[in-house]
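Me: Could you go through this model with me? I'd like to talk about strands and then about charged pairs.

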Amino acid sequence: MNKEIGNNFVDVDYTIQKIAIVKINRPEAKNALNGEVRKQLAQIFSELSFNDEINAVVLTGGDEVFAAGADLKEMTATSTEMLLRHTERYWNAISQCPKPVIAAVNGYALGGGCELAMHADIIIAGKSAVFGQPEIKVGLMPGAGGTQRLFRAVGKFHAMRMIMTGAMVKAEEAYIIGLVSQVTEDDQTIPTAIQMAQSLAKMPPIALQQIKEVALMSEDVPLNAGLTLERKAFQLLFSTEDKNEGVQAFIEKRKPSYQGK
């Protein structure tokens, strides 16, 4: 990794063209998401959002564990102290990143780790991956989207079982219920995510950003409003140079070269 932030809790690798690989690096705590980790992730994703040299992002915790949840040592705070931390600002920097984000998950993705994975657009899970929202077991509940994104991903009945019982879901089951996009061997999780990111990085960036924005914004609006958003974004793309390049390349039977214009 060729960029380090703060206490080296999060690393960023820019060595692959047009791709950023963001890796949580707190192995001694199984990548538990303490305040500093969340702050560093927010800083990095804020920077990536405005980096025109990056077209896709891979988010991982490495080969052994994605993130085993929030750091329970920080859970002795009062309600007021929790409110004043404004951790939602850190999460928003990730959820609002306009670039495609692929989570590469091996090992535990629990609590905040599961919520972090669900901030991605695509989740590649190794066979060792285990997802869960076990907050109920310590008298709490999900607080970073677990009751919202999980419902949207897997539906009421799978989500309620996971949230209310704290049940852990292995990779194969997570795939069946719609929580992950693909399951691989553990040693192929990150390479698969990188390969997919490389493919996305060659796509027209403006079109990718419009797809992501429209799809996410339409989750909370009636169908007709979502269809209107989709239609307007579709129409907007007709003024891009990338649309002209894509159509011309198809006609000329060659690979397109997109410039994000």
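Predicted model: local features only at pLDDT ≥ 70, side-chain atom pairs only at ≥ 80, totals over all residues.

Me: OK, take strand β4, residues 56–60. How many of its residues are buried?

Reply: Five of its five residues are buried, so by the under-20% limit strand β4 is mostly covered.

Me: And which residues point which way from β4?

Reply: Ala56, Val58 and Thr60 point one way, whereas Val57 and Leu59 point the other way, and all of them are buried.

Me: Which strands does β4 pair with?

Reply: On one hand, β4 pairs with strand β3, residues 19–24, in the parallel sense over five bridges, and there isoleucine 21 stands opposite valine 58 of β4. On the other hand, β4 runs parallel to strand β5, residues 101–105, to which four bridges join it, and in that pairing threonine 60 stands opposite alanine 104 of β5.

Me: Why is β3 described as largely enclosed?

Reply: Five of the six residues of β3 are buried, so the rest of the structure largely encloses this strand.

Me: What about β2 and β3, parallel or antiparallel?

Reply: Strand β2, residues 10–13, pairs with β3 in the antiparallel sense, over four bridges, and valine 10 stands opposite isoleucine 24 in β3. The hairpin of β2 and β3 has five residues between the strands, and in this hairpin lysine 18 takes a positive phi near 70°.

Me: Switching to charges now. How many salt bridges does the structure hold?

Reply: The structure holds seven salt bridges. One of them joins the side chains of lysine 212 and aspartate 121, with an N to O distance of 2.9 Å.

Me: Where do lysine 212 and aspartate 121 lie?

Reply: Lysine 212 is in helix α9, residues 205–217, while aspartate 121 is in the loop between α4 (112–118) and β7 (122–126), so the pair ties together parts that are 91 residues apart in sequence.

Me: And is lysine 212 buried or exposed?

Reply: Lysine 212 counts as buried, because its relative accessibility is 10% and the limit is under 20%.

Me: Which residue does lysine 127 form a salt bridge with?

Reply: Lysine 127 forms a salt bridge with glutamate 185, where the closest N and O atoms are 2.8 Å apart. This pair also links distant parts of the chain, since lysine 127 sits in the loop between β7 and β8 (130–132) and glutamate 185 in the loop between β10 (182–184) and α8 (189–201), 58 residues apart. Lysine 127 is partly exposed at 47% relative accessibility, and glutamate 185 is partly exposed with a relative accessible area of 44%.

Me: Last one, which residues are linked in a network of salt bridges?

Reply: Glu245, Glu252 and Arg254 are linked in such a network. Within it, glutamate 252 and arginine 254 form a salt bridge whose closest N and O atoms are 2.6 Å apart; glutamate 252 is partly exposed at 43%, and arginine 254 is partly exposed at 35%.

Note on methods
Residues numbered from 1 in each chain as written. Heavy atoms only, no water. Salt bridge = Lys/Arg side-chain N within 4 Å of Asp/Glu carboxyl O. Helix = DSSP H or I, 4+ residues; strand = E, 2+ residues; numbered from the N terminus. Buried < 20%, exposed > 50% of the residue type's maximum accessible area, 1.4 Å probe, protein only. Pairing = 2+ DSSP bridges.
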